[in-house]
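The following note sets out points for a colleague who wishes to read this model residue by residue. Each point may be checked against the structure shown below.

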Amino acid sequence: MTTVADILKYIESIAPGYMKESWDNVGLNCGHRDREVTKILVALDPFEDVCLEAADWGAQLIVTHHPLIFQALKSVTDETSIGRSIQLLCREGISAINAHTNLDCAPGGVNDRLAAALGLSQIEVIDPMGVDAEGQEWGLLRKGDVPK
């Protein structure tokens, strides 16, 4: 049985939480770690229509790039899109995980993939923020040579 915790552990093996920007909110934003997962909806943003689609499809988990919750909430009501989304996810038993700036910064993450998709060579991290367990530099920005 695959659980939310299993999916989160895998995502964090690729993009550890320590690689996020200080202002970011990554990881499990809503739900239960021990929930069984058989269907995952993947999206860029956890907008209300994405949450509705996940519920309609019978997903137990949404995995997005951007977080459901960016800042501390003062209320969770049906008067805001975020409030309605959180209420829907909770009511339907759907968990929400995101990997945002940690996935941007990670070696092999979003920014490396984008640089590669552009065909850049000699790709380097600009102003590395650290080195991972394999000795690879990580950070937010990349630079590289444009193909001729």
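1. Exposure as used here. A residue is called exposed when its relative accessible area is over 50%, buried when that area is under 20%, and partly exposed in between. Asp 127, at 62% relative accessibility, is therefore counted as exposed. Its place is in the loop between S5 and strand S6 (130-131). The phi of Asp 127 is near 50°, a positive value in a residue other than glycine. Please note throughout that the model is predicted.

2. Gln 122 is not a glycine either, yet its phi is positive, at about 55°. This residue belongs to strand S5 (residues 121-126). With a relative accessibility of 58%, Gln 122 also falls in the exposed class.

3. Overall organisation. The chain contains 5 helices and 8 strands, and their order from the N terminus is α-β-β-α-β-α-β-α-α-β-β-β-β. The C-alpha trace spans about 50 × 35 × 30 Å along its principal axes. Of the 148 residues in the chain, 40% are buried. Among contacts with a separation of 6 or more, 63% are between residues 24 or more positions apart. The accessible surface amounts to about 8700 Å², and carbon and sulfur atoms account for 54% of it.

4. The nonpolar cores. The largest nonpolar core has 14 residues, of which Ala 54, Ile 62, Leu 68, Leu 89 and Ala 96 touch the most other members. At least two residues of this core come from H2, and at least two from H3. Another core lies apart from it and has 9 residues, including Val 4, Leu 8, Val 37 and Ala 99. To return to Ala 54, its contacts beyond four places in sequence are Leu 41, Ala 59, Ile 62 and Ile 94.

5. Helix H3. Which elements do the buried residues of H3 pack against? They pack against S1, helix H2 (48-57), strand S3 (61-64) and strand S4 (95-98). The buried residues in question are Gly 83, Ser 85, Ile 86, Leu 88 and Leu 89. Leu 89 is also listed above among the residues that touch the most other members of the largest core. H3 covers residues 81-92, 12 residues in total, and its first and last C-alpha atoms are 16 Å apart, close to the 16 Å expected at 1.5 Å a residue. The residue that follows the helix is Gly 93, with a positive phi near 70°.

6. The aromatic pairs. The model has 2 aromatic pairs. In one of them, the ring centres of Tyr 18 and Trp 138 are 5.8 Å apart and the planes stand at 70°, so the pair is classed as edge-to-face; the cut-off for that class is over 60 degrees. Tyr 18 is in the loop between helix H1 (4-14) and strand S1 (27-30), whereas Trp 138 is in strand S7 (residues 137-138), so the pair ties together parts that lie 120 residues apart in sequence. The two partners may also be compared by accessibility: Tyr 18 is partly exposed, with a relative accessible area of 49%, while Trp 138 is buried at 6%.

7. Thr 101. Is Thr 101, at 3% relative accessibility, buried or exposed? The value of 3% is under the 20% cut-off, so Thr 101 counts as buried. Thr 101 is located in helix H4 (residues 101-105). Its side chain makes a polar contact of 2.6 Å with the side chain of Asp 24. Leaving aside residues up to four places away in sequence, Thr 101 touches Asp 24 together with Met 19, Lys 20, Glu 21, Trp 23 and Val 26.

8. Asp 112. This residue lies in helix H5 (residues 110-117). A polar atom of the Asp 112 side chain lies 2.7 Å from the backbone nitrogen of Gly 108. When residues up to four places away in sequence are set aside, Asp 112 touches Ala 106, Pro 107, Ile 123 and Arg 142.

Note on methods: Residues are numbered from 1 along each chain as its sequence is written. This is a predicted model: local features need pLDDT of at least 70, side-chain atom pairs count only at pLDDT 80 or more; totals for chains, interfaces and linings use all residues. Side-chain values use heavy atoms; hydrogens and water are left out. Rings of Phe, Tyr and Trp (its six-membered ring) pair if their centres lie within 6.5 Å; planes under 30 degrees apart count as stacked, over 60 as edge-to-face and the rest as tilted. Helices (H or I, at least four residues) and strands (E, at least two) are DSSP runs, numbered from the N terminus. Buried means under 20% relative accessible area, exposed over 50%, partly exposed in between (1.4 Å probe, protein chains only). A polar contact is a pair of N or O atoms within 3.5 Å; within protein, one must be able to donate a hydrogen and the other to accept it, and residues adjacent in sequence count only if both atoms are side-chain atoms. Contact means heavy atoms within 4.5 Å. The expected span of a helix is 1.5 Å times one less than its number of residues. Accessible areas come from the Shrake-Rupley method with a 1.4 Å probe; for residues, only the protein chains shown count as cover. A nonpolar core is a set of buried Ala, Val, Leu, Ile, Met, Phe, Trp, Tyr and Cys residues joined through side-chain atoms within 4.5 Å.
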